[in-house]
Amino acid sequence: MKKDFYIFNNGELKRKDNTLFFESSDEKKYLPVNEINNIWVFGEVDINKRFLEFASEKEIVLHYFNYYGYYIGSFYPREHLNSGYVILKQAEYYLNTEKRMTIAKKFIEGAVLNILVILRYYRNRGIDLNEDIDVISNLYKAINNATDIEILMAIEGNIRERYYKCFDKIINKPDFEFDKRSKRPPLNKLNALISFGNSLIYTTVLGEIYQTQLDPRIGYLHSTNNRRFTLNLDIAEIFKPVIVDRVIFSLLNKNVITSKDFQRQLNGIILNDNGKKKFISEYNDKLNTKINHPKLDNKVSYKRLIRLELYKLQKHITNDDEYSPFIAGW
(Lines give C-alpha, C1' and ligand atoms only; values in the text may rest on other atoms or scores of the structure.)
Protein backbone atom coordinates (compact mmCIF):
# COMPACT_ATOMS: atom_id res chain seq x y z
CA MET A 1 0.00 0.00 0.00
CA LYS A 2 1.05 3.61 -0.51
CA LYS A 3 2.62 5.58 2.31
CA ASP A 4 1.63 8.66 4.28
CA PHE A 5 3.83 11.75 4.54
CA TYR A 6 3.82 14.15 7.51
CA ILE A 7 4.88 17.79 7.45
CA PHE A 8 5.67 19.61 10.71
CA ASN A 9 7.93 22.40 9.45
CA ASN A 10 6.70 25.64 7.91
CA GLY A 11 7.42 25.91 4.21
CA GLU A 12 6.10 25.46 0.69
CA LEU A 13 4.70 22.34 -0.96
CA LYS A 14 4.68 22.43 -4.74
CA ARG A 15 4.88 20.51 -7.98
CA LYS A 16 8.40 20.30 -9.38
CA ASP A 17 9.94 18.08 -12.07
CA ASN A 18 6.68 16.13 -12.35
CA THR A 19 6.72 15.15 -8.69
CA LEU A 20 6.18 16.85 -5.33
CA PHE A 21 8.73 19.04 -3.62
CA PHE A 22 8.74 20.42 -0.08
CA GLU A 23 10.97 23.32 0.83
CA SER A 24 11.49 24.94 4.22
CA SER A 25 14.27 26.88 5.92
CA ASP A 26 15.63 23.57 7.23
CA GLU A 27 15.17 21.16 4.34
CA LYS A 28 14.53 20.62 0.67
CA LYS A 29 12.97 17.30 -0.20
CA TYR A 30 11.44 15.57 -3.20
CA LEU A 31 8.43 13.40 -2.38
CA PRO A 32 7.81 10.23 -4.44
CA VAL A 33 4.39 11.19 -5.76
CA ASN A 34 3.44 7.70 -6.91
CA GLU A 35 4.10 6.26 -3.46
CA ILE A 36 2.02 8.73 -1.44
CA ASN A 37 -1.52 8.09 -0.26
CA ASN A 38 -2.06 10.97 2.19
CA ILE A 39 -0.18 14.09 3.23
CA TRP A 40 -0.71 15.30 6.80
CA VAL A 41 0.04 18.99 7.31
CA PHE A 42 0.82 20.24 10.84
CA GLY A 43 3.02 23.21 9.94
CA GLU A 44 2.24 26.45 8.11
CA VAL A 45 2.56 25.23 4.52
CA ASP A 46 1.95 27.27 1.38
CA ILE A 47 0.44 25.59 -1.69
CA ASN A 48 -0.95 26.78 -5.02
CA LYS A 49 -3.56 25.69 -7.54
CA ARG A 50 -0.97 23.95 -9.72
CA PHE A 51 -0.02 21.76 -6.78
CA LEU A 52 -3.65 20.96 -5.95
CA GLU A 53 -4.37 20.00 -9.56
CA PHE A 54 -1.39 17.64 -9.50
CA ALA A 55 -2.35 16.16 -6.12
CA SER A 56 -5.88 15.60 -7.40
CA GLU A 57 -4.55 13.93 -10.54
CA LYS A 58 -2.41 11.61 -8.39
CA GLU A 59 -5.33 10.94 -6.02
CA ILE A 60 -3.55 12.28 -2.94
CA VAL A 61 -5.64 13.38 0.06
CA LEU A 62 -4.33 16.22 2.25
CA HIS A 63 -5.27 16.48 5.93
CA TYR A 64 -4.78 19.76 7.78
CA PHE A 65 -4.23 20.25 11.52
CA ASN A 66 -3.85 23.55 13.32
CA TYR A 67 -1.11 24.59 15.73
CA TYR A 68 -2.86 22.88 18.62
CA GLY A 69 -3.08 19.53 16.82
CA TYR A 70 -6.80 19.83 16.08
CA TYR A 71 -8.05 18.50 12.78
CA ILE A 72 -9.20 21.34 10.52
CA GLY A 73 -10.25 19.58 7.35
CA SER A 74 -9.11 17.70 4.27
CA PHE A 75 -8.48 18.39 0.62
CA TYR A 76 -10.50 15.52 -0.78
CA PRO A 77 -9.85 15.28 -4.52
CA ARG A 78 -12.67 14.69 -6.93
CA GLU A 79 -14.03 11.22 -6.23
CA HIS A 80 -12.47 8.94 -8.79
CA LEU A 81 -14.15 5.69 -7.78
CA ASN A 82 -17.57 6.84 -6.61
CA SER A 83 -20.45 4.87 -8.09
CA GLY A 84 -23.93 6.36 -8.39
CA TYR A 85 -25.36 2.95 -7.58
CA VAL A 86 -23.32 2.57 -4.40
CA ILE A 87 -24.22 6.07 -3.22
CA LEU A 88 -27.91 5.37 -3.79
CA LYS A 89 -27.62 2.13 -1.83
CA GLN A 90 -25.81 3.95 0.98
CA ALA A 91 -28.64 6.48 1.14
CA GLU A 92 -31.25 3.73 1.01
CA TYR A 93 -29.71 1.99 4.01
CA TYR A 94 -29.49 5.29 5.88
CA LEU A 95 -33.11 6.25 5.25
CA ASN A 96 -34.42 2.81 6.21
CA THR A 97 -34.46 2.84 10.03
CA GLU A 98 -34.15 -0.93 10.40
CA LYS A 99 -31.27 -1.22 7.93
CA ARG A 100 -29.46 1.74 9.45
CA MET A 101 -29.80 0.35 12.97
CA THR A 102 -28.45 -3.02 11.87
CA ILE A 103 -25.26 -1.43 10.58
CA ALA A 104 -24.93 1.00 13.50
CA LYS A 105 -25.23 -1.85 15.99
CA LYS A 106 -22.50 -3.76 14.18
CA PHE A 107 -20.15 -0.79 14.53
CA ILE A 108 -20.79 -0.58 18.27
CA GLU A 109 -20.53 -4.33 18.69
CA GLY A 110 -17.15 -4.30 16.95
CA ALA A 111 -15.92 -1.42 19.10
CA VAL A 112 -17.04 -3.02 22.37
CA LEU A 113 -15.72 -6.48 21.55
CA ASN A 114 -12.33 -4.95 20.71
CA ILE A 115 -12.45 -3.04 23.99
CA LEU A 116 -13.00 -6.34 25.79
CA VAL A 117 -10.10 -7.90 23.88
CA ILE A 118 -7.84 -5.11 25.17
CA LEU A 119 -9.05 -5.43 28.76
CA ARG A 120 -8.72 -9.22 28.82
CA TYR A 121 -5.22 -8.92 27.41
CA TYR A 122 -4.15 -6.74 30.33
CA ARG A 123 -6.11 -8.79 32.85
CA ASN A 124 -4.09 -11.82 31.76
CA ARG A 125 -1.00 -9.81 32.63
CA GLY A 126 -2.05 -9.35 36.22
CA ILE A 127 -4.08 -6.13 36.17
CA ASP A 128 -7.33 -6.25 38.17
CA LEU A 129 -9.94 -5.57 35.51
CA ASN A 130 -12.51 -8.28 36.27
CA GLU A 131 -15.20 -5.93 37.55
CA ASP A 132 -14.74 -3.56 34.62
CA ILE A 133 -14.97 -6.44 32.14
CA ASP A 134 -18.17 -7.67 33.80
CA VAL A 135 -19.78 -4.21 33.73
CA ILE A 136 -18.90 -3.64 30.07
CA SER A 137 -20.02 -7.16 29.13
CA ASN A 138 -23.43 -6.52 30.71
CA LEU A 139 -23.77 -3.18 28.93
CA TYR A 140 -22.84 -4.90 25.69
CA LYS A 141 -25.92 -7.13 26.01
CA ALA A 142 -28.15 -4.05 25.81
CA ILE A 143 -26.94 -3.15 22.30
CA ASN A 144 -29.22 -5.61 20.56
CA ASN A 145 -32.29 -4.20 22.33
CA ALA A 146 -31.61 -0.56 21.38
CA THR A 147 -34.52 0.84 19.37
CA ASP A 148 -32.95 4.04 18.01
CA ILE A 149 -29.60 5.69 17.39
CA GLU A 150 -29.81 7.91 20.47
CA ILE A 151 -30.20 4.92 22.79
CA LEU A 152 -27.40 3.12 20.98
CA MET A 153 -25.07 6.10 21.37
CA ALA A 154 -25.95 6.36 25.05
CA ILE A 155 -25.01 2.71 25.60
CA GLU A 156 -21.74 3.28 23.75
CA GLY A 157 -21.05 6.37 25.85
CA ASN A 158 -21.54 4.45 29.10
CA ILE A 159 -19.24 1.69 27.91
CA ARG A 160 -16.47 4.08 26.89
CA GLU A 161 -16.78 5.99 30.17
CA ARG A 162 -16.13 2.76 32.08
CA TYR A 163 -13.40 1.70 29.65
CA TYR A 164 -11.48 4.97 29.88
CA LYS A 165 -11.41 4.65 33.65
CA CYS A 166 -9.47 1.43 33.15
CA PHE A 167 -6.62 3.40 31.58
CA ASP A 168 -5.31 4.41 35.01
CA LYS A 169 -4.90 0.74 35.96
CA ILE A 170 -3.24 -0.17 32.67
CA ILE A 171 -0.85 2.80 32.59
CA ASN A 172 -0.35 3.24 36.36
CA LYS A 173 1.38 6.61 36.12
CA PRO A 174 0.27 9.45 38.45
CA ASP A 175 1.22 12.07 35.82
CA PHE A 176 -1.22 10.51 33.36
CA GLU A 177 -4.41 10.05 35.36
CA PHE A 178 -7.57 10.00 33.26
CA ASP A 179 -10.05 11.75 35.62
CA LYS A 180 -12.77 12.26 32.97
CA ARG A 181 -13.05 12.64 29.20
CA SER A 182 -12.35 16.20 28.10
CA LYS A 183 -11.96 17.65 24.61
CA ARG A 184 -11.20 20.98 22.92
CA PRO A 185 -9.22 21.56 24.96
CA PRO A 186 -8.14 18.35 26.71
CA LEU A 187 -7.71 19.14 30.39
CA ASN A 188 -4.92 16.67 31.09
CA LYS A 189 -2.14 14.80 29.33
CA LEU A 190 -3.96 11.50 28.88
CA ASN A 191 -6.95 13.22 27.29
CA ALA A 192 -4.55 15.08 24.98
CA LEU A 193 -3.18 11.73 23.79
CA ILE A 194 -6.66 10.27 23.26
CA SER A 195 -7.87 13.31 21.31
CA PHE A 196 -4.78 13.44 19.10
CA GLY A 197 -4.91 9.70 18.42
CA ASN A 198 -8.61 9.80 17.58
CA SER A 199 -8.03 12.64 15.10
CA LEU A 200 -5.38 10.53 13.39
CA ILE A 201 -7.59 7.45 13.06
CA TYR A 202 -10.51 9.54 11.76
CA THR A 203 -8.36 10.95 8.97
CA THR A 204 -6.68 7.60 8.26
CA VAL A 205 -10.09 6.03 7.69
CA LEU A 206 -11.13 8.98 5.53
CA GLY A 207 -8.10 8.43 3.32
CA GLU A 208 -9.03 4.75 2.95
CA ILE A 209 -12.65 5.57 2.07
CA TYR A 210 -11.32 7.65 -0.82
CA GLN A 211 -9.89 4.44 -2.29
CA THR A 212 -13.35 2.78 -2.37
CA GLN A 213 -16.70 3.46 -4.02
CA LEU A 214 -18.25 4.56 -0.72
CA ASP A 215 -19.22 8.15 0.02
CA PRO A 216 -17.75 9.38 3.35
CA ARG A 217 -20.66 11.79 3.86
CA ILE A 218 -23.15 9.00 4.56
CA GLY A 219 -22.60 7.33 7.92
CA TYR A 220 -24.93 5.19 9.99
CA LEU A 221 -23.99 5.45 13.65
CA HIS A 222 -23.08 9.13 13.40
CA SER A 223 -25.96 11.01 11.83
CA THR A 224 -25.52 12.51 8.39
CA ASN A 225 -26.13 16.17 9.17
CA ASN A 226 -23.96 19.29 9.06
CA ARG A 227 -20.77 17.27 9.44
CA ARG A 228 -18.69 17.08 6.29
CA PHE A 229 -17.88 13.40 6.78
CA THR A 230 -19.46 10.76 9.04
CA LEU A 231 -18.68 7.30 7.67
CA ASN A 232 -15.04 7.62 8.76
CA LEU A 233 -16.21 8.30 12.34
CA ASP A 234 -18.29 5.10 12.23
CA ILE A 235 -15.50 2.83 11.01
CA ALA A 236 -12.96 4.43 13.35
CA GLU A 237 -14.98 3.28 16.37
CA ILE A 238 -14.00 -0.32 15.58
CA PHE A 239 -10.29 0.44 15.32
CA LYS A 240 -9.75 2.95 18.13
CA PRO A 241 -9.13 0.30 20.81
CA VAL A 242 -6.75 -1.87 18.79
CA ILE A 243 -4.79 0.96 17.15
CA VAL A 244 -5.06 4.28 19.02
CA ASP A 245 -5.36 2.96 22.57
CA ARG A 246 -2.60 0.40 22.12
CA VAL A 247 -0.35 3.14 20.77
CA ILE A 248 -1.05 5.22 23.90
CA PHE A 249 -0.35 2.29 26.24
CA SER A 250 2.88 1.47 24.43
CA LEU A 251 4.16 5.06 24.41
CA LEU A 252 3.50 5.55 28.11
CA ASN A 253 4.46 2.14 29.44
CA LYS A 254 7.79 2.35 27.58
CA ASN A 255 8.32 5.96 28.71
CA VAL A 256 8.64 7.13 25.11
CA ILE A 257 6.29 10.02 25.84
CA THR A 258 6.74 11.85 29.15
CA SER A 259 5.45 15.05 30.72
CA LYS A 260 8.08 16.98 28.75
CA ASP A 261 6.15 16.26 25.52
CA PHE A 262 3.18 18.47 26.46
CA GLN A 263 2.44 22.15 26.78
CA ARG A 264 -0.36 24.25 28.21
CA GLN A 265 -2.51 26.04 25.64
CA LEU A 266 -6.10 27.34 25.41
CA ASN A 267 -6.76 26.63 29.09
CA GLY A 268 -5.85 23.00 28.49
CA ILE A 269 -2.98 20.68 27.61
CA ILE A 270 -1.78 19.61 24.16
CA LEU A 271 1.11 17.62 22.75
CA ASN A 272 4.06 19.71 21.64
CA ASP A 273 5.71 19.08 18.27
CA ASN A 274 8.14 16.57 19.73
CA GLY A 275 5.28 14.67 21.34
CA LYS A 276 3.28 14.66 18.11
CA LYS A 277 6.24 13.25 16.19
CA LYS A 278 6.70 10.47 18.75
CA PHE A 279 3.01 9.63 18.64
CA ILE A 280 2.90 9.57 14.83
CA SER A 281 5.99 7.37 14.63
CA GLU A 282 4.41 4.76 16.90
CA TYR A 283 1.05 5.17 15.19
CA ASN A 284 2.57 4.50 11.78
CA ASP A 285 4.39 1.45 13.11
CA LYS A 286 1.07 0.13 14.36
CA LEU A 287 -0.71 0.80 11.06
CA ASN A 288 2.01 -1.10 9.22
CA THR A 289 2.10 -4.02 11.64
CA LYS A 290 0.87 -7.18 9.94
CA ILE A 291 -1.33 -9.78 11.58
CA ASN A 292 -2.75 -13.08 10.39
CA HIS A 293 -6.11 -12.65 8.68
CA PRO A 294 -8.32 -15.67 9.46
CA LYS A 295 -10.29 -15.57 6.21
CA LEU A 296 -7.55 -14.59 3.77
CA ASP A 297 -5.01 -17.06 5.18
CA ASN A 298 -2.45 -14.30 4.85
CA LYS A 299 -0.85 -11.51 6.84
CA VAL A 300 -2.26 -8.01 6.37
CA SER A 301 -1.45 -4.66 7.98
CA TYR A 302 -3.86 -2.81 10.22
CA LYS A 303 -4.12 -0.14 7.54
CA ARG A 304 -5.15 -2.80 5.05
CA LEU A 305 -7.69 -4.11 7.56
CA ILE A 306 -9.40 -0.72 7.50
CA ARG A 307 -9.73 -0.93 3.71
CA LEU A 308 -11.06 -4.49 3.98
CA GLU A 309 -13.61 -3.28 6.53
CA LEU A 310 -14.90 -0.77 4.01
CA TYR A 311 -15.13 -3.42 1.31
CA LYS A 312 -17.20 -5.59 3.66
CA LEU A 313 -19.56 -2.71 4.34
CA GLN A 314 -19.92 -2.02 0.62
CA LYS A 315 -20.81 -5.65 -0.05
CA HIS A 316 -23.39 -5.48 2.72
CA ILE A 317 -25.25 -2.55 1.19
CA THR A 318 -24.92 -3.65 -2.45
CA ASN A 319 -25.03 -7.46 -2.29
CA ASP A 320 -26.79 -8.04 1.04
CA ASP A 321 -23.70 -9.91 2.29
CA GLU A 322 -24.01 -9.82 6.06
CA TYR A 323 -21.54 -7.36 7.55
CA SER A 324 -19.42 -8.57 10.44
CA PRO A 325 -16.99 -6.12 12.09
CA PHE A 326 -13.31 -6.83 12.59
CA ILE A 327 -12.52 -8.27 16.01
CA ALA A 328 -8.91 -8.58 17.12
CA GLY A 329 -7.90 -12.18 17.74
CA TRP A 330 -4.91 -11.86 20.02
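1. Strand 9 (residues 262-265) and strand 10 (residues 268-271) are paired antiparallel, with four bridges between them. This is a predicted model, and the points below should be read as describing that model.

2. Across the pair, Gln265 lies opposite Gly268 of strand 10. The hairpin formed by strand 9 and strand 10 has two residues between the strands, and Leu266 has a positive phi near 50° there.

3. Strand 10 also takes part in a cavity lining, as one of the elements that contribute two or more residues to the largest cavity; the other is helix 7 (189-209). Helix 7 contributes the most, with three residues. The search over the whole structure returns one cavity of 30 Å³ or more, and the volume of the largest cavity is about 80 Å³.

4. The lining of that largest cavity consists of Tyr68, Gly69, Tyr70, Pro186, Ala192, Ser195, Phe196, Ile270, Leu271 and Lys276. Sorted by class, seven of the lining residues are nonpolar, two are polar and one is charged.

5. Gly275 belongs to helix 9 (residues 273-288). Is Gly275 buried or exposed? Its relative accessibility is 0%, so Gly275 is classed as buried, the cut-off being under 20%.

6. Apart from neighbours within four places in sequence, the contacts of Gly275 are Ile257 and Asp261. Between Gly275 and Val300 the C-alpha to C-alpha distance is 28 Å, at a sequence separation of 25 residues.

Note on methods: Residues are numbered from 1 along each chain as its sequence is written. This is a predicted model: local features need pLDDT of at least 70, side-chain atom pairs count only at pLDDT 80 or more; totals for chains, interfaces and linings use all residues. Side-chain values use heavy atoms; hydrogens and water are left out. Buried means under 20% relative accessible area, exposed over 50%, partly exposed in between (1.4 Å probe, protein chains only). Contact means heavy atoms within 4.5 Å. Two strands pair if DSSP finds at least two bridges between them. On a 1 Å grid over the protein atoms alone, a cavity is a set of points where a 1.4 Å probe fits but cannot get out, and a pocket is an open set with protein on both sides within 12 Å along at least five of seven lines; lining residues have an atom within 4 Å of a point. Grid points are joined across faces, edges and corners, and a volume is the space filled by probe spheres set on the points. Ala, Val, Leu, Ile, Met, Phe, Trp, Tyr, Cys and Pro count as nonpolar, Asp, Glu, Lys and Arg as charged, and the others, Gly among them, as polar.
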